[in-house]
Amino acid sequence: MTQPSPALAAPAVKTTCPYCGVGCGVLATPDGQGGVAIAGDPEHPANFGRLCSKGSALGETVDLQDRLLKPMVDGQASSWEGALGAVAGSLKKIADRHGPDSIAFYLSGQLLTEDYYVANKLAKGFLGTPHVDTNSRLCMSSAVAAHRRAFGSDTVPGCYEDLDEADLIVLVGSNAAWCHPILFRRMIDARNQRGTRIVTVDPRRTQTGEEADLHLGIAPGTDTALFSGLLVHLADQGKLDSRFIAEHTAGFDGALERARQIAPDAAATARATGLAEADVHAFFDLFEKTQKVVTGFSQGVNQSAQGTDKGNAIINCHLATGRIGRPGMGPLSLTGQPNAMGGREVGGLANMLAAHMHFGPEEVDRVRRFWKAPNIITGEGMKAVALFEAIERGKIKALWVMGTNPLVSMPRADRIRAAIAGLDLYVVSEAIATSDSARAKGKKTVLLPALAWGEKDGTVTNSERRISRQRAFLKAPGEARADWAIMGDVARRLGYGDSFAYRSAADIFREHAALSAFENDGSRDFDIGGLADITERAYDAHLPQQWPLPKRGTDGKGRARLFADGRFFTFDRRARFVAVQPPALAQAATPERPLVLNTGRVRDHWHTMTRTGKSQRLSGHRAVPFVEVHPDDATRFGLKDGGFARVSTEAGQATLEVTVTDGVRPGSVFVPMHWSDMTASDGRAAALARGIPDPVSGQPELKATPAAIEPVAYRSRGYLLTRAPLGPPPGWWWARATVSGGSGLLFATQEGSREMALAIRGLFPGQELAEYVDHARGLYRCAVYTEGKLVAALSVAPGDRRPDWELAKQVFAQPDLDAVDRRTLLSGRAAGASAGPVVCACHGVGLDVINAAIAGGAGSVEAVGACCKAGTNCGSCIPEIRKLLPGALARSAA
Ligand code: SF4
């Protein structure tokens with residue numbers, strides 16, 4: 001964390017974390033020199049002062065390295081005038097020649113609501129193209145579709161307090177311990193305080209599963225069978241809420257009949273899901289006998305070719321038991337991104353219009369009149385997968401990407417680069433100049449420098465419908481501008497200036513709030529009309545509030561929960577049960593591709609690492625792209641823990657370090673989603689995914705792609721530490737990580753130690769080199785000095801040795817080296833104990849230190865924390881610490 005200088009420290013600014021959908025409040029104290037100290041906001045109701053490892057490290061991510069600071073047109077720096085003229089001129093020409101629907105926007109759950117609102121209005125109301133979609137399509141659009149089918153609206157019924165009050169929390173397809181860590185701490189607190197039981201449903205036994213009272217390691221894609229079986233069980237045991245079903249719902253009989261076809265009893269459920277029958281009974285029993293149940297679900301449910309059905313199978317069980325909208329109970333979609341919910345509110349998805357309105361004729365007319373929109377669209381646009389396919393086909397001629405990195409995150413990402421090359425106009429609004437998507441090129445390419453977190457100003461909505469402010473506390477760097485202001489200028493050039501004459505983010509927010517209330521007589525869930533007249537001052541001071549916040553009826557307090565009254569947003573105000581389809585993905589593997597590839601997140605990185613990749617603390621936990629393989633599959637395919645494997649699918653291939661773990665099921669492999677061409681030679685997970693879209697939501701499958709795996713051998717492995725990032729030579733396998741004081745590469749190569757010794761001389765000609773040479777054993781270490789200062793360190797060893805660079809990184813971080821440090825670099829050994837790979841990112845505590853604490857008598861997580869502070873901040877590393885404790889082994893074996 002950057003420490004503020006007392007003389008220059010400004011007051012703390014209350015803002016919101018830019019990562020996951022928990023939406024934690026952050027206190028940011030700028031130091032007046034471009035840095036900032038970060039702390040959790042004790043008054044924010046999402047986190048009450050806590051931050052996870054990612055949030056705590058935000059201060060390490062605000063530097064200007066790799067920032068896009070000037071507009072660029074076809075690779076040349078441009079004035080704003082020139083860049084905006086190029087965008088507006090090209091859009092006009094393309095719309096005239098090919099029609100407005102040849103233009104597409106691809107937005108992001110990282111955008112603020114105000115930016116999102118303006119993009120949606122410009123495209124759908126004025127340019128007249130329906131093709132506006134967002135990376136939230138890849139994140140939670142199946143939850144949106146499931147909500148709409150069940151409730152008639154995209155409403156999250158509950159809130160985080162329900163987790164505090166639940167007696168049973170079921171987490172489906174959610175590694176909350178890593179992906180929503182602060183919420184997970186609330187769940188653990190509930191367990192400690194009231195004995196709340198936690199059940200996880202996930203093909204992987206993740207760190208969340210390690211902490212659960214019951215882990216159900218189901219076969220990929222079989223969630224609908226599990227929850228169909230549960231519905232049948234509840235019916236057969238007479239545990240339904242018949243009054244609620246009769247008075248407030250429709251479609252129950254059809255849903256139950258279908259559930260009986262899929263999973264008529266516990267034994268059939270066990271067969272369909274691959275679970276032990278005893279575990280199925282245990283789960284059914286817990287759900288049946290516990291009144292206060294929250295079922296949290298996230299990407300493991302949503303990122304699926306049957307994601308919408310999975311969501312509805314869960315919701316069916318809550319509706320059937322009336323466990324919805326009441327304290328401590330209900331389905332709870334955990335959104336991945338900081339403003340996925342805000343994007344849904346403005347209509348950023350291709351199948352929404354605006355303010356939770358869709359495409360009924362009266363809705364289109366209402367929005368047209370409100371916006372005074374001359375070119376309002378009348379139907380849905382293409383969803384992300386179809387949209388990029390349309391670019392491939394040449395149907396879309398212009399694409400404007402804002403705040404996202406589809407070349408890394410979209411399934412079949414290799415094809416997307418080729419598709420973009422065919423665009424007549426490719427516009428990227430970005431903060432990072434070197435992201436894969438910013439480096440792609442269309443026939444005309446315009447890069448527009450956008451404000452980043454800490455510089456921009458507006459609102460975000462978290463997973464419990466809570467609207468919070470993101471506030472600026474740093475000056476806009478270079479020529480970067482707010483996205484809404486950029487779009488306003490383009491709109492003016494297109495002749496729509498009057499409708500985009502916003503002077504501030506608050507101006508936009510007021511209009512957005514007014515639209516939500518426009519002709520809304522309570523028939524639409526999203527209503528924040530109570531904020532439509534908010535003054536600039538009140539907007540500046542705005543405290544987190546949950547919607548709905550209509551003008552009348554809520555005392556301006558918002559609503560924590562909806563649907564307790566049994567009134568939904570369907571035409572008859574009844575919720576709908578959905579007759580879901582049987583699981584169809586269990587046979588995803590084929591003889592040529594006998595494994596099932598799952599993708600997801602790691603604890604300390606966020607999306608494509610353009611921000612978390614700047615933190616050396618966060619880069620210390622998992623430094624290279626990897627594939628998790630079950631021990632049986634490792635034996636079957638000749639793979640070693642710490643070795644390399646090539647994973648190939650019909651969409652692409654990647655070469656990854658192997659982690660052998662029984663946390664994945666036999667027949668499954670897991671690859672994290674974060675690495676890009678910017679950070680690794682060959683590690684893009686989404687490029688492997690076939691991405692079959694869900695038929696209802698259009699969300700692509702990222703959890704079950706047939707895959708093959710084979711070992712890959714390299715002659716040498718090692719690391720290279722340099723003060724500035726170096727481009728690795730062609731042919732190396734490499735992964736880049738930020739290290740304190742510079743940049744680090746972990747690499748593997750077919751070159752031997754001799755060739756590497758020559759190469760380092762070529763990279764640093766004329767510099768002082770201190771070397772350790774043992775070519776007979778394939779060993780070479782070298783430290784490079786310029787005027788006595790260490791500028792680089794290289795270590796090469798045979799290819800079957802995993803490099804350990806923790807010591808070298810510690811030495812490299814120091815400004816001045818003594819003789820012991822110099823010897824350490826060459827010997828690879830420390831005089832004292834090393835820290836080992838980082839386990840606790842918050843306090844920078846390594847594996848060796850924790851092992852030493854345990855060896856010294858620390859017999860519990862708490863005792864380890866007391867010894868070395870590990871696990872005492874956000875708690876995300878507690879499952880890993882627990883695993884290191886001998887007692888944990890006995891506990892899991894019991
Ligand atoms: Fe940010 Fe972590 Fe909170 Fe998510 S849980 S909002 S990543 S601090």
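## Strand β16 and its sheet

Strand β16 is mostly covered, with five of its five residues buried; here buried means under 20% relative accessible area, exposed means over 50%, and partly exposed lies in between, with a 1.4 Å probe and protein chains only. Strands (E, at least two residues) and helices (H or I, at least four) are DSSP runs, numbered from the N terminus. The model is predicted, so local features need pLDDT of at least 70 and side-chain atom pairs count only at pLDDT 80 or more, while totals for chains, interfaces and linings use all residues. Residues are numbered from 1 along each chain as its sequence is written, and side-chain values use heavy atoms, with hydrogens and water left out.

In a regular strand the side chains alternate between the two faces of the sheet. For β16, T445, L447 and P449 are buried on one side, and V446 and L448 are buried on the other. Two strands pair if DSSP finds at least two bridges between them. By that criterion, β16 (residues 445-449) is joined to strand β4 (residues 72-73) by two bridges, and the two run antiparallel; M72 has L447 as its bridge partner in β16. Strand β15 (residues 425-430) pairs with β16 in the parallel sense over five bridges, and V427 has V446 as its bridge partner.

These strands belong to an open sheet of seven strands, ordered β5-β4-β16-β15-β14-β6-β7, with mixed pairing. At its edges stand β5 (76-77) and β7 (132-134), each with a single partner strand, so one side of each is left without a neighbour in the sheet.

## Strand β23 and its two partners

Strand β23 (residues 644-648) is largely enclosed by the rest of the structure, because four of its five residues are buried. Strands of a sheet pair through backbone hydrogen bonds, either parallel or antiparallel. Five bridges join β23 to β24 (residues 653-660), and these strands run antiparallel. They form a hairpin with four residues between them.

Strand β26 (residues 705-712) is also joined to β23 by five bridges, again antiparallel. A645 takes part in both pairings: its bridge partner is L656 in β24 and P711 in β26.

## The surroundings of the ligand

The space taken by the ligand is the second largest cavity. On a 1 Å grid over the protein atoms alone, a cavity is a set of points where a 1.4 Å probe fits but cannot get out; a molecule sits in it if more than half of its atoms lie within 2 Å of its grid points. The elements that give two or more residues to the shell around the ligand are α1 (53-56) and α7 (181-194).

The residues around the ligand are C17, Y19, C20, G23, C24, L51, C52, K54, G55, P181 and I182, where a residue is near if one of its heavy atoms lies within 4 Å. By class, this shell has eight nonpolar, two polar and one charged residues. In this scheme Ala, Val, Leu, Ile, Met, Phe, Trp, Tyr, Cys and Pro count as nonpolar, Asp, Glu, Lys and Arg as charged, and the others, Gly among them, as polar.

N120 is found in helix α3 (residues 113-127) and is buried, with a relative accessible area of 0%. Leaving aside neighbours within four places in sequence, N120 is in contact (heavy atoms within 4.5 Å) with residues including V132, V346, L353 and W371.

Q299 lies in helix α14 (residues 299-302) and counts as buried at 11% relative accessibility. Beyond residues up to four places away in sequence, Q299 touches C139, G173, L334, G336, R601 and K703. D821, in helix α29 (residues 819-827), counts as buried at 12% relative accessibility. Leaving aside neighbours within four places in sequence, D821 is in contact with V811, Q814 and D816.

## Backbone features in loops

Most residues other than glycine have a negative phi, and most peptide bonds are trans. The peptide bond from W547 to P548 is cis, with omega near 5°; P548 is placed in the loop between β19 (545-546) and β20 (575-576).

R412 is not a glycine, yet has a positive phi of about 55°. R412 lies in the loop between α19 (406-409) and α20 (413-421) and is partly exposed, with a relative accessible area of 22%. E519, also not a glycine, has a positive phi of about 50°. The loop between α23 (505-517) and α24 (536-540) holds E519, which is partly exposed at a relative accessible area of 38%.

Note on methods: On a 1 Å grid over the protein atoms alone, a cavity is a set of points where a 1.4 Å probe fits but cannot get out, and a pocket is an open set with protein on both sides within 12 Å along at least five of seven lines; lining residues have an atom within 4 Å of a point.
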